[in-house]
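The sequence and the structure are shown first.

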Amino acid sequence: MVHRHAVTGRRAALTALGALVATGLPAAAAADPTPAAGALPTASQTLGADRPSAPVLRALERDLGLTPAQASRRLVNEAEAGTRAGRLRNLLGDRFAGAWLRGTTSQELVVATTDTADVAAIKAQGAKAAVVKKSLRDLNAAKAKLDAAAARVSTRDTPLWYVDVPANRVVVQAGNKAAAAAFVKAAGLDGKSVGVKVTANRPRLMADITGGDAYYIDGTARCSVGFSVTKGEQAGFASAGHCGKQGAKTTGFDKAEQGTFQASTFPGKDMSWVAVNDKWTATPNVKGEGEQKVQVTGSVQALVGAAVCRSGSTTGWHCGKVEQHDTSVSYAEGKVDGLTQTTVCAEPGDSGGPYVAGVQAQGVTSGGTGDCKSGGTTFFQPINPLLSEFDLTLKTAEADSPAPAPQDNAVAQPWAAGRVYEAGATVSHAGVRYQCLQTHQAQGVWAPTRTPALWQRV
């Protein structure tokens, strides 16, 4: 039973959120992102979506069939929508059932809830409301049961499972219905509540064992550099875990001595990082089409439906859309959890290469199906868990500022540059508490007081 005062309090909170449209972000993603003089930067300005590089725009036009104006508008819309979705996630709490983008220019943000009382607040933020039966927490709990079952039973014929947020269900991809039913039963789930996709496609790793820039592992295998990173004063780059084991030696695209794998995790996760020698310099650049460079400014996670582009040493620069986060893939070499599924194509040798949404780093290529002639599906290891796992700092184009002095706060930890924050995390900064709106690694110039795109005062 919900007490009357609890309902009243929640409705007041919903009304308050509606008022934020006038004082914070625009009510619709299509609104002009340029703020008035002296105003805080908009989400698109914070994330660099209002100043996209030519390689990103051209690839979006080619791969998503957009005009130049549509490509530019899409990037702005996606940046603004991410912040609005974050505010609603924080407000709805356990009733939140996911958010995704629709439309040629991602002009429509859809936010799902399990309670019709939330519809007004969702609409007040310029989003379309979807009332569903299961919360995102419920769906994640169901997927966790599949994850646990995968440790006990073979997933040879059920190589992929994930939460389909727009469909409000968990989906299992299998070679046949019988294999899917057996896997679902082993997880203790109701077969009617799990979607099944039957296909002969089986994800494979994208390493070229016959073998942005290419690099070579122990003189044989070839992969692609992901993103430049640092650990203290040591420079290096992030890549896929299946590309090389800890201690393996690498040479660069020109076969010059380059570095050594410092850490590598595969299977389970698909992440690694290589420390390079002093002949190599870490830069914020990702190789776009025609040798042009895309400069990365951060690592804010994109929403489902957002455009994403990938660079690789085999197939170069290609774009597509984010389909699902937190996907589990059972490769022949082992199971990997927490991958993001996309419609971008890739081929062997592209493994480890970077994915970007606008100028925000997203992850490194893990594997997929198909190729860049007929099209395909790819999966990437998200960059933020990789940075957190190995205590790395992403190299960005933004100038770093000193980390803020610690603030005394009995509830929230002080905000700090270089730390990875998940959506919903609470920090203190300058004596004020803030809640994270979008998962990202904090940059020195992204203090909560200046980035309403990423932090909400609470």
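In strand E27, Tyr 434 is the bridge partner of Val 427. The model is predicted: local features need pLDDT of at least 70, side-chain atom pairs count only at pLDDT 80 or more, and totals for chains, interfaces and linings use all residues. Residues are numbered from 1 along each chain as its sequence is written, and side-chain values use heavy atoms, with hydrogens and water left out.

**Strand pairing**

Helices (H or I, at least four residues) and strands (E, at least two) are DSSP runs, numbered from the N terminus. Two strands pair if DSSP finds at least two bridges between them. Strand E26 (residues 426-429) and strand E27 (residues 432-436) run antiparallel and are joined by four bridges. Both belong to an open sheet of four strands with mixed pairing, in the order E24-E26-E27-E29. Strands E24 (413-414) and E29 (455-457) stand at the edges with a single partner strand each, so one side of each has no neighbour in the sheet.

Elsewhere, E1 and E2 pair in the antiparallel sense over five bridges, and Trp 100 has Val 110 in E2 as its bridge partner. Five residues lie between the strands of this hairpin, where Gly 103 takes a positive phi near 105°. E2 also pairs with strand E3 (residues 128-131), in the parallel sense and over four bridges; here Val 110 stands opposite Lys 128. Strand E2 (residues 108-113) has five of its six residues buried, so it is largely enclosed by the rest of the structure. Buried means under 20% relative accessible area, exposed over 50%, and partly exposed in between (1.4 Å probe, protein chains only).

**Cores and helix H3**

A nonpolar core is a set of buried Ala, Val, Leu, Ile, Met, Phe, Trp, Tyr and Cys residues joined through side-chain atoms within 4.5 Å. The largest has 50 residues, and those with the most contacts inside it are Leu 60, Phe 227, Trp 317, Leu 386, Tyr 421 and Trp 455. A second, separate core has 40 residues, including Ala 85, Leu 109, Leu 189 and Val 304. Contact means heavy atoms within 4.5 Å. With its neighbours within four places in sequence left aside, Leu 386 is in contact with Ala 238, Ser 239, Met 271, Ser 272, Val 364 and Leu 392.

Leu 60 is also one of the buried residues of helix H3 (residues 54-64), together with Pro 55, Val 56, Leu 57 and Ala 59. The cover over these buried residues includes H4, strand E16 (293-295), strand E17 (307-312) and E18. Gly 65 follows H3 and has a positive phi, near 65°.

**Pocket and cavities**

On a 1 Å grid over the protein atoms alone, a cavity is a set of points where a 1.4 Å probe fits but cannot get out, and a pocket is an open set with protein on both sides within 12 Å along at least five of seven lines; lining residues have an atom within 4 Å of a point. Grid points are joined across faces, edges and corners, and a volume is the space filled by probe spheres set on the points. In the table, Ala, Val, Leu, Ile, Met, Phe, Trp, Tyr, Cys and Pro count as nonpolar, Asp, Glu, Lys and Arg as charged, and the others, Gly among them, as polar.

| Space | Volume | Lining residues by class |
|---|---|---|
| Largest pocket | about 1,100 Å³ | 14 nonpolar, 17 polar, eight charged |
| Largest cavity | about 170 Å³ | 12 nonpolar, six polar, one charged |
| Second largest cavity | about 50 Å³ | five nonpolar, six polar, no charged |

Of the 39 residues that line the largest pocket, Arg 89, Leu 136, Gln 301, Glu 422 and Thr 439 are the closest to its centre. Helix H4 gives the most to this lining, with five residues.

H4 also provides the largest share of the lining of the largest cavity, four residues.

E21, E22 and H8 each supply at least two residues of its lining.

**Ser 193**

Ser 193 lies in the loop between helix H7 (177-186) and strand E6 (194-198). Its relative accessibility is 25%, so Ser 193 counts as partly exposed. Not counting residues up to four places away in sequence, Ser 193 touches Lys 134, Arg 169 and Val 170. The C-alpha atoms of Ser 193 and Arg 169 are separated by 6.9 Å, although the two are 24 residues apart along the chain.
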